[in-house]
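Welcome! Take a moment to look over the sequence and the 3D structure, and then read on.

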Amino acid sequence: MHSGQTLSMDGVVERIREELKEKASPSARESSQRFFKDEILCYGLKTAEVIKIAKKYWKEVKSLPKTGIFSLCEELYKSGYLEESFVVSNWSHRFSGRYEKDDFEVFRHWIDTYINNWASCDGFCTNTMGDFIVQYPEYLEELKVLAKSENRWMRRAAAVSIIMPARKGNYLDDAIEIADILLEDTDDMVQKGYGWLLKEESRQHTDEIFDYVMKNKKNMPRTSLRYAIELMPKDLKKEAMKKDW
C-alpha cells in the first residue's frame, strides 16, 4: 500500500476517535454501562450520533478498495470501544450485495477476535452477516460451525446472523438446526440469542416454533423459552409456560 494512503487511512481513524471523544458524555457513558453485565469500553454517545459520524467519514473512505476499508475497520475494532465497533458495523454493511465469499473468513475473524459484548455482536451480525448469508446462503452451514465454538459471541452470532431473514420466515430449518446445537447452552447471552431467533421465526411459523418449544422445553433454558414465545397468542404462551415436569 502506498505510504501516503496509509497515513491518510490512519488519519481517518484518529479523526473519528477525536470526534467521538469530543462528543462523549460522562452521563451517557454511565447510562450505557447499565445495559451490560460486564464492564465495557465506551465513550458515551447515543447510537444515532455514532451513525452520523460513521456516515460523515464514509464519504472520505468509500473510494478506497475494500481491502483498505476492511483494514480501517480492523483498526477501529482494535480499540475495544463500543462506538468504534458501531462504525465498523455501519461501514461493512455498506457493501451489502457486493460481498465476496472470502469475506466470510474476515467477518468470522472479527467476531472471534474483537467482539466482546451483545451490542457489538448484534449490530454487526444482524446487518453485515445477515446480508452476507442472504447473498451466499450456502454459508448457513458455517453458522452451524460457529454455534459449536467455545467463544460465546461466536455462538450468539450463529443465531443472530439470520434474525432479519427469520423475521420474513426464511431459513426455518436452519434456524431449528442452530437452536438444536445451542439448546442447552448455559450462557445467558447465547440463550437470549437463539431464543430471539426462534421468536422471529414465530412471526411466520407460529405452529412450527410452538411445536419445537413444546418438544424441547424440558431441556430449554427458561430464558430461551420466554424469548421464543414472546409473540405468540396468550393461550399458546400459557401452555408453553406450564411446568409439566
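This is a predicted model: local features need pLDDT of at least 70, side-chain atom pairs count only at pLDDT 80 or more; totals for chains, interfaces and linings use all residues.

Residues are numbered from 1 along each chain as its sequence is written, and side-chain values use heavy atoms, with hydrogens and water left out. Helices are DSSP runs (H or I, at least four residues), numbered from the N terminus.

**Two helices side by side**

- Helix H13 (residues 206-216) packs with helix H15 (residues 234-241) at an angle of about 15 degrees, and their axes are 10 Å apart. Axes here are lines fitted to C-alpha atoms over the stretch in contact, and angles run from 0 to 180 degrees between N-to-C directions.
- H13 and H15 are therefore roughly parallel to each other (angles under 35 degrees count as roughly parallel).
- From H13, Thr206, Phe210, Val213 and Met214 meet Leu236, Glu239 and Ala240 of H15 (contact means heavy atoms within 4.5 Å).
- The residues of this contact divide into five nonpolar, one polar and one charged. Ala, Val, Leu, Ile, Met, Phe, Trp, Tyr, Cys and Pro count as nonpolar, Asp, Glu, Lys and Arg as charged, and the others, Gly among them, as polar.

**A closer look at Leu236**

- Leu236 is found in H15, and with a relative accessible area of 18% Leu236 is buried. Buried means under 20% relative accessible area, exposed over 50%, and partly exposed in between (1.4 Å probe, protein chains only).
- Not counting residues up to four places away in sequence, Leu236 touches Thr206 and Phe210.
- Leu236 and Asp207 are 29 residues apart along the chain, with 9.5 Å between their C-alpha atoms.

**The largest nonpolar core**

- The largest nonpolar core has 82 residues, and those with the most contacts inside it include Trp91, Trp110 and Phe124. Such a core is a set of buried Ala, Val, Leu, Ile, Met, Phe, Trp, Tyr and Cys residues joined through side-chain atoms within 4.5 Å.
- Leaving aside neighbours within four places in sequence, the contacts of Phe124 include Tyr77, Phe107, Trp110 and Met129.

**A covered helix and a partly exposed residue**

- Helix H9 (residues 152-160) is mostly covered, with eight of its nine residues buried.
- Among the buried residues of H9 are Trp153, Arg155 and Arg156, and their cover includes H6, H7 and helix H12 (188-202).
- Glu105 lies in helix H6 (residues 103-113), and Glu105 counts as partly exposed at 45% relative accessibility.

Methods:
Angles under 35 degrees count as roughly parallel, over 145 as roughly antiparallel, 65 to 115 as roughly perpendicular and the rest as oblique.
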